[in-house]
Amino acid sequence: GRSKVEFIDASTETAIALSLSIPRDTELRVVELAPSPARSTPAQQLSRDPSKADSLGWGSRPSSSIGRSSSRDMLLTSHVLGSGRARTPSRSVRAHTPTRSHTPTRSSGSTGGTPGARRDGVGVHAQMPTRTSAVDEHCVQILEGHQGFVLCIDVVGDVLFSGSQDSNIMIWDLNNLQYIGTLRGHRGFVWCLCTSLSRKVLCSGSQDKTIKIWSLDRFRCVETCHGHTSDVMALLMLEDRGNVVSGSDDKTIRVWDISDISRGISCVTVIDAHQSSIFALHRLNDSLIMSGSRDKTIRVWNSNTWQLHRMLHPPHYDAVTAFALDEKSGRFFSGSRDKSMKSWDTKTLEPMHHILHTHLDWVTSMCMGQGPNAGTIFSGSKDGTVRVWDAATFRCKDELAGHRGPITAVLTVSNFLFSASHDRKVRVWRIDRFGER
């Protein structure tokens with residue numbers, strides 16, 4: 001008859017009962033719960049099926065037939081990068097079609113009522129998603145193999161790269177979504193990637209304070225850049241200038257000349273850019289780039305002189321983590337740990353909208369759709385979801401669920417979206433059917 005509070009964690013199948021009165025004989029009980037098939041998610045059911053143990057563990061390398069069901073849909077514009085291939089690791093990597101649930105789920109941000117935006121004195125509250133896709137409804141493939149959080153992704157031609165907490169960069173063929181190889185060399189988390197197709201290079205920034213330049217002809221490191229005194233958190237390729245721009249936890253931006261790698265790479269400019277870590281870099285136009293920082297500010301730099309062009313006001317309420325540029329509408333968007341997104345005019349650099357509560361947690365990544373999806377924003381969050389937004393109205397058109405950890409990066413290629421997560425996976429989503437019931 002004693003009053004108590006129960007906390008039930010279905011994922012670990014435990015319940016915790018705590019006394020409210022806290023008498024001298026207070027005790028904590030951990031009670032095992034019986035498995036409940038009705039409450040299991042498709043991912044949980046898959047992981048509990050002993051017959052799937054090999055496909056979910058670190059077994060032998062998968063046969064080439066895995067993923068063929070969607071390879072005809074995944075045929076993307078190809079660019080030959082060279083015949084080099086990295087050596088296959090001893091552990092396996094997997095690319096498989098997800099098990100899907102066709103039961104619609106309630107939005108994690110939904111509280112009932114009629115969807116719609118609500119205004120206050122600060123900004124516009126994001127409306128609830130008009131629908132929440134069933135788990136993995138749009139997911140056509142899952143790329144697995146990393147042994148730590150997947151922290152960044154990038155694409156060049158028909159090759160996808162994924163960087164991880166495990167210090168490695170994995171390479172994937174977009175034509176069949178199969179594993180190609182692994183680039184090893186960093187001695188810390190791989191935080192960021194950028195690529196140049198014309199120069200056939202991949203650049204990676206790491207917790208080990210270095211930037212590595214990898215040849216895409218030979219898939220090996222050809223140069224390591226030293227200079228930052230802390231983690232390299234963001235990279236930006238200025239392909240036409242032959243420059244790579246790096247932002248770091250040491251609060252600086254460095255500009256590197258990679259125009260002639262055979263003669264070596266040099267740091268040509270160092271900028272004391274922010275008062276805290278730099279999390280995001282993005283090119284605004286031919287002469288301006290943007291940087292976003294833990295200090296909550298967005299700063300715009302003249303890439304001809306590398307002088308501060310402008311600091312944007314008003315700032316976010318927390319760290320700025322992501323940018324997306326919609327050139328057609330003349331706007332760019334910023335995402336923040338304050339859970340909001342802002343839109344800005346690319347010419348005047350003035351704020352246009354401030355959308356609050358776009359996610360239940362930090363906005364960690366953003367990108368624009370391409371082709372028929374132009375005018376669509378995709379935002380990833382620490383809450384584990386990707387949301388789909390109409391850039392003109394900020395109407396949330398859909399919510400993509402399936403990851404079992406924070407989203408770290410999102411990227412679009414044609415009609416496909418790639419999302420990376422702390423769950424060690426990269427998911428591939430088909431994004432040409434939003435709004436269909």
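Which residue lies over the face of Trp-362, at 4.1 Å from the ring centre? Select Trp-362 and you will find Lys-382 there. For a charge to sit over a ring, NZ of Lys or CZ of Arg must be within 6 Å of the ring centre and within 35 degrees of the ring normal.

A word on what is on your screen: this is a predicted model, where local features need pLDDT of at least 70, side-chain atom pairs count only at pLDDT 80 or more, and totals for chains, interfaces and linings use all residues. Residues are numbered from 1 along each chain as its sequence is written, and side-chain values use heavy atoms, leaving out hydrogens and water.

Next, the aromatic pairs. Rings of Phe, Tyr and Trp (its six-membered ring) pair if their centres lie within 6.5 Å; planes under 30 degrees apart are stacked, over 60 edge-to-face, and the rest tilted. The count comes to 4 aromatic pairs. Phe-189 is partly exposed at 23% relative accessible area, and Trp-191 is partly exposed at 24% (buried is under 20%, exposed over 50%, partly exposed in between, with a 1.4 Å probe and protein chains only).

Finally, go to Phe-332 and Trp-344, a stacked pair at 6.2 Å centre to centre and 10° between the planes. Phe-332 is buried at 0%, and Trp-344 is buried at 1% relative accessibility.
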